[in-house]
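Take a look at the structure below.

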Amino acid sequence: MSGTLAKIAEIEAEMARTQKNKATAHHLGLLKARLAKLRRELITPKGGGGGGPGEGFDVAKTGDARIGFVGFPSVGKSTLLSNLAGVYSEVAAYEFTTLTTVPGVIRYKGAKIQLLDLPGIIEGAKDGKGRGRQVIAVARTCNLILIVLDVLKPLGHKKIIENELEGFGIRLNSKPPNICFKKKDKGGINLTATCPQNELDTETVKSILAEYKIHNADVTLRSDATADDLIDVVEGNRVYIPCIYVLNKIDQISIEELDIIYKVPHCVPISAHHRWNFDDLLEKIWDYLKLVRIYTKPKGQLPDYTSPVVLPYCKTTVEDFCMKIHKNLIKDFKYALVWGSSVKHNPQKVGKDHTLEDEDVIQIVKK
């Protein structure tokens, strides 16, 4: 472990010394690729299989979405968690034998949302310290990350936490780079760019790929990409997660300062202690989770509006809906009747490929 850490420190030092300009771009790209590989070694231990029993820190995924809370001790993260769970919770904290993440489950707009505390991510978890690795594995499965900051010293903390998460291959509030990358058996490296590139040229791309021992590949850049973007695509294990910055302790600042904070993107100011502005926070959480609620209607009865079937926004076909209820449902599926904004007339007969929208009502007709 320590050998890898020393190498990482060495490369980071060299990158800090190197001036950024056209001439050094290719060298910096190479260093970045080396760094990414070393970091991956830290979070995925060498040797076959995962850690033995007792290593795990998996929290069973319950509910429709999972939110991870990250923050320094003393910023009021636990107060926020317990007050949110206290106000909106339907299940008290349950027995946890493993580790320290005690999740709460809150019900909001009919969806069950799991709240997880992600302790110990900060400061050196990405260097493999402590239980960092297991916590990260859980962080990567979250649908949304909330970074809790103290409104009196937000920026320093924000930078540190973002760096830690970035180091684990978690990309916040960003989309996968628009780069198409295909390995092949021969023919060298072919680079095509559909728009002007500021950072990547053939030489830089070749040197980054050579670092991964890739000498034959087709690379198409469909946006102005950076060396980091290319490395993300080659590494292939990046997760893209939306993130909200929760600025706590607003009872300690002036109204003028509050007005400024409100203009910062992805930010919600709150007071965990006084439970101020929780509704705003929940509304933003709901926006960022992009969940889709579908109400079921048994034949000859009114729709059940109390417990929707909740789907993630990227999987909202009638087939996805059936799978969420029971995998055998799709075998007997004949057609569905749908009322709501996804259809032109109510009800409309649809097949299993029809895409549903939030608050549609559905009745499944079996063969």
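Are Arg171 and Asp232 buried or exposed? Both Arg171 and Asp232 are buried. Buried means under 20% relative accessible area, exposed over 50%, and partly exposed in between, using a 1.4 Å probe and protein chains only.

Some ground rules come first. This is a predicted model, where local features need pLDDT of at least 70, side-chain atom pairs count only at pLDDT 80 or more, and totals for chains, interfaces and linings use all residues. Residues are numbered from 1 along each chain as its sequence is written, and side-chain values use heavy atoms, with hydrogens and water left out.

**Salt bridges**

Side chains of opposite charge can pair when their charged atoms come close. A salt bridge here is a side-chain nitrogen of Lys or Arg within 4 Å of a carboxyl oxygen of Asp or Glu. The count comes to 17 salt bridges. Here are some of them.

| Pair | N to O distance |
|---|---|
| Glu166 and Arg171 | 3.5 Å |
| Arg171 and Asp232 | 2.8 Å |
| Arg293 and Asp358 | 2.9 Å |

Arg171 pairs with Asp232. This pair links distant parts of the chain: Arg171 is in strand 6 (residues 170-172), Asp232 is in helix 7 (residues 227-235), and they are 61 residues apart. Helices (H or I, at least four residues) and strands (E, at least two) are DSSP runs, numbered from the N terminus.

Arg171 has 11% relative accessibility. A salt-bridge network links Glu166, Arg171, Asp232 and Arg238.

Now take Arg293, which forms a salt bridge with Asp358. Arg293 lies in strand 13 (residues 291-296) and Asp358 in the loop between strand 16 (348-350) and strand 17 (360-366), so the pair ties together parts 65 residues apart in sequence. Arg293 is buried at 9% relative accessibility. Asp358 is partly exposed at 30%.

**Two packed helices**

Two packed helices are described by the angle between their axes and the distance between the axes. Helix 1 (residues 2-17) and helix 2 (residues 25-43) pack at about 155 degrees, with axes 10 Å apart. Axes are lines fitted to C-alpha atoms, for helices over the stretch in contact, and angles run from 0 to 180 degrees between N-to-C directions. Helix 1 and helix 2 are therefore roughly antiparallel. Angles under 35 degrees count as roughly parallel, over 145 as roughly antiparallel, 65 to 115 as roughly perpendicular and the rest as oblique.
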